[in-house]
Amino acid sequence: MTALTALAAETPSLVQSVDWTAIAPVVITAVVGLAVLVADLFTAERHKPVLGWISVAGLAAATAALIPLRAGDRSTFCLTADPEACSYVADHFTVVVQFLVLAGALLTALLSVTAVRDTRMPAGEYWFLLLSSAAGAALLPASRDLATLIVALEVASLPAFALVGMRRGDRLSSEAALKFFLSSVTATAVSLMGVSFVYAATGSMHLTQVADGLEDVPGQLDTLAMAGVALTLVGFAFKTAAVPFHFWVPDTYVGAPLPIAGYLSVVGKAVGFTGLILVTVIAFPAYSQIWGPALAVLAALTMTLGNAAALRQSPDRPHSAVRLLAWSSVGQAGYLLVPIVAAAYSERDQIGSTLAYALMYAAVNLGAFAVAALVARTKPLHRISDYRGLYAERPLAALSLAFFLLCLAGLPPGIIGLFAKVTVFRSAVDAGLGWLAVLMAVNVVIALYYYLRWTAVLFRAPEGAEGAPARTKAPWPVAAAIVATAVTAVVLSGAPQLVLRVASGSLFAQ
């Protein structure tokens with residue numbers, strides 16, 4: 001008996017304890033989504049709006065669950081043979097991205113409360129899909145093995161396809177969902193092939209073990225490993241809307257319900273950049289000579305093509321406002337790629353600049369979509385010209401949108417936008433990527449034109465009207481979303497260190 005007891009003590013336990021505090025943000029979001037789906041079966045039609053408020057409360061609770069994780073020192077689902085190799089890590093990187101994702105989903109939910117009711121979309125399905133996508137997006141930054149990473153990517157993506165096509169009978173919505181679905185599935189298939197190649201070359205799925213394996217790949221497997229690295233990046237590049245994987249963006253944003261377009265522009269983009277950072281900086285540093293130049297070219301093409309296309313949007317064309325925001329998001333993706341490229345040529349902490357920029361971009365871009373949702377209630381064609389005289393009709397909404405656009409342009413008083421761009425610019429210079437920094441500066445100047453052109457429209461006199469036109473009352477959830485994003489943008493411009501400190505220091509668990 002003594003020998004058996006000693007043997008049991010020496011044998012590592014195969015039963016793992018789960019750190020429920022670490023996984024709470026993801027679990028809360030997923031459980032509330034399931035609860036909403038079940039509750040929908042027993043809820044009368046007149047009470048369906050309650051499902052929306054349950055979803056809002058669930059996302060608020062999931063966001064609050066990040067508070068105990070702020071130390072960034074938790075992990076779970078680790079290998080018994082190698083406790084350092086974990087599938088779920090709640091470090092500072094995870095907490096920052098999860099805050100961005102869950103807060104972005106919360107604002108989307110606020111905008112959606114009115115949209116679901118007015119457009120008569122099926123409430124139960126809508127809220128379940130939104131919460132499911134948010135749960136997958138929150139899981140992705142904590143994922144530290146390739147299998148969990150791909151699963152999280154698909155859990156975040158598959159519900160988004162259905163959300164884009166949620167407006168039944170709308171041809172634009174159906175076409176957008178189909179284009180989004182087919183292109184995304186193709187990109188995911190390519191990534192899965194890359195993951196299989198990487199696994200064949202290293203014999204592991206955990207990112208830290210993959211990094212060690214790629215440091216010493218046998219000569220006969222080197223080509224296989226290089227192909228795996230390149231192919232794995234495709235799916236995440238698609239999510240970031242990097243050129244040439246961007247073609248789905250404008251039509252998808254136009255066809256999707258406006259809150260979902262805002263969700264894709266912020267949370268969907270965060271999913272792509274998070275995946276790119278994890279696989280490049282943690283798993284593939286040994287092959288930085290491959291993904292570094294490749295991402296540099298993608299960054300240059302993305303910012304240039306996105307800004308050039310946004311520049312060409314005609315103010316009187318239907319959906320021109322949404323298309324401009326879509327192409328602007330492509331251009332912004334180019335800026336977000338720059339610090340990841342810099343990490344290939346210097347230390348990996350450069351990616352903090354990407355997170356700092358993403359936090360600024362999330363607040364102001366969702367704010368712009370919130371104002372667009374308000375204007376669309378009376379002018380559903382989404383033309384830039386529809387915003388003419390907005391200051392005379394809705395002064396606070398016009399001032400908020402002007403501030404959001406100035407932040408995106410990087411002009412005072414949008415100080416946070418200027419500081420975030422300088423941080424990204426500095427990361428390129430510090431890494432010796434002078435040509436990319438110059439190209440970024442040129443693109444920032446190009447973007448000034450279309451941002452300022454839209455801003456000027458807000459303060460022009462309304463056409464064919466004397467005095468201020470009559471206005472309808474703004475739904476309070478939409479007004480709350482505008483106020484929340486505007487206050488956030490103003491506070492960050494007054495105290496940019498709240499976000500910019502993310503750009504310094506180590507984000508990953510050591």
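Biologist: How do the residues of the lining of the largest cavity divide: nonpolar, polar or charged?
Modeller: Ala, Val, Leu, Ile, Met, Phe, Trp, Tyr, Cys and Pro count as nonpolar, Asp, Glu, Lys and Arg as charged, and the others, Gly among them, as polar. On that scheme, the largest cavity's lining has 11 nonpolar, 2 polar and 1 charged.

Biologist: What pLDDT do local features need?
Modeller: Residues are numbered from 1 along each chain as its sequence is written, and side-chain values use heavy atoms, without hydrogens and water. This is a predicted model: totals for chains, interfaces and linings use all residues, side-chain atom pairs count only at pLDDT 80 or more, and local features need pLDDT of at least 70.

Biologist: How many cavities of 30 Å³ or more does a search of the whole structure find?
Modeller: A 1 Å grid over the protein atoms alone is used; a cavity is a set of points where a 1.4 Å probe fits but cannot get out, and lining residues have an atom within 4 Å of a point. Points are joined across faces, edges and corners, and volume is the space filled by probe spheres set on them. At 30 Å³ or more, the cavities number 3.

Biologist: How much space lies in the largest cavity, and which residues are closest to its centre?
Modeller: The space is about 120 Å³. Of its 14 lining residues, the closest to the centre are Leu100, Lys269, Ala270, Phe273 and Ala358.

Biologist: Which helix gives the most to that lining?
Modeller: Helices here are DSSP runs (H or I, at least four residues), numbered from the N terminus. H4, H11 (258-283) and H14 each supply at least two residues. The top contributor, with 6 residues, is H11.

Biologist: Which elements give two or more residues to the lining of the second largest cavity?
Modeller: This cavity holds about 110 Å³ of space. Its lining has 14 residues, with Ala156, Ser157, Lys239, Leu264 and Gly268 closest to the centre. The elements are H5 (123-139), H6 (146-164) and H11.

Biologist: What is the volume of the largest pocket?
Modeller: A pocket is an open set of points with protein on both sides within 12 Å along at least five of seven lines. The largest has 27 lining residues, with Val96, Phe99, Leu100, Leu359 and Leu498 nearest its centre. Its volume is about 750 Å³.

Biologist: Which helix gives the most to the pocket lining?
Modeller: H4 (92-119), H14 (352-375), H19 (476-494) and H20 (497-500) each supply at least two residues. By class, the lining has 19 nonpolar, 6 polar and 2 charged residues. Giving the most, with 8 residues, is H4.
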